[in-house]
Amino acid sequence: MRTKIVAGNWKMNKTFSEAENLISDIAEALDDMELNNTEVILCPPFVYLEMATDIAEESKFGVGAQNMNDHEFGAFTGEISASMLNSIEVKYVIIGHSERRQHYQENNELLAGKVNTAIHHQIQPIFCCGEKLADREEGIYFETVKKQLDDTVFQLPSEHFQKVIIAYEPVWAIGTGVNATPEQAQEMHRYIRDRIAEKYDPQVAENTTILYGGSCNSKNAGVLFMQPDVDGGLIGGSSLKADEFIAIVSSL
Ligand code: PGA
């Protein structure tokens, strides 16, 4: 049975003390919950990761970074490597978020390198894919997502691909308050799973966790997560308040 996941992508938000309070509140709430086959992952900014992994040691959540460099080490001022993340017990990393593709020109070639490096350092990529509004309006959303997968995670051998978590995040739904309908999410998740079956095999496809992201909140999470191929969510804005985030975790 594939693992269900709710991951919080905090983006560039919170001061240190706010971050500490939010993580502690979430940790406390999780203590009282039965998390059957469900993982909760928090992805705060880099500077709070070690504090988060310290708290996580005694709690029921895992910690992920929001980005990392594709190189092993060296003269890359301002960058963070996979081995640095691994050395402070970070187990996941978001790769290919649309904001990084858009604002930092991250292309599929670079993202393929990042995914590879992460896996070689025992960090599970949460790989984001998703079409822009224009792609959807033109009716080329399946092709767009297929290319994003073909050029990156589908370059991995099966053994490595099995470490990847996919997040389908239609760009038009991110931070807009307009979520994909459950039918739109299910249709794309099914499509992605079928492509995985075609590229690898049906068992690998069955075991791959595919998250939905884009204006997911405590009101729409239940119906989105009920879809057979939606295995949880990557949550932005609604992961910044403990009650709201915990309500989303409870909807799984
Ligand atoms: P949102 O962001 O939930 O604020 O739409 C999701 C994401 O960017 O991962």
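Predicted model: local features only at pLDDT ≥ 70, side-chain atom pairs only at ≥ 80, totals over all residues.
**Entry 1**

I began with helix α1, which spans residues 16–31, and helix α12, which spans residues 242–250. Two packed helices are described by the angle between their axes and by the distance between those axes, so I looked up both values. For α1 and α12 the angle is about 35°, and the axes lie 9 Å apart. I also noted the handedness, and found that α1 passes α12 in a right-handed crossing.

Next I asked which residues of α1 meet α12. On the α1 side I listed L22, D25, I26, A29 and L30, and on the α12 side A242, F245, I246 and V249. Sorted by class, this contact of α1 with α12 has eight nonpolar residues, no polar ones and one charged residue.

**Entry 2: the ligand**

I then turned to the ligand, which has 13 residues around it, and wrote down that K11, H97, E169, G175 and S215 come nearest. The shell around the ligand divides into four nonpolar, seven polar and two charged residues.

Which side chains have an N or O atom at a listed distance from a ligand oxygen? In H97 a side-chain N or O atom is 2.6 Å from an oxygen atom of the ligand, and for the side chain of E169 the corresponding distance is 2.7 Å.

Conventions: Residues numbered from 1 in each chain as written. Heavy atoms only, no water. Axes fitted to C-alpha atoms, helices over the stretch in contact; angles between N-to-C directions. Helix = DSSP H or I, 4+ residues; strand = E, 2+ residues; numbered from the N terminus. Left-handed = near helix turned anticlockwise from the far one by under 90°. Contact = heavy atoms within 4.5 Å. Nonpolar A, V, L, I, M, F, W, Y, C, P; charged D, E, K, R; others polar. Near = heavy atom within 4 Å. Polar contact = N/O pair within 3.5 Å; in protein donor to acceptor, adjacent residues only side chain to side chain.
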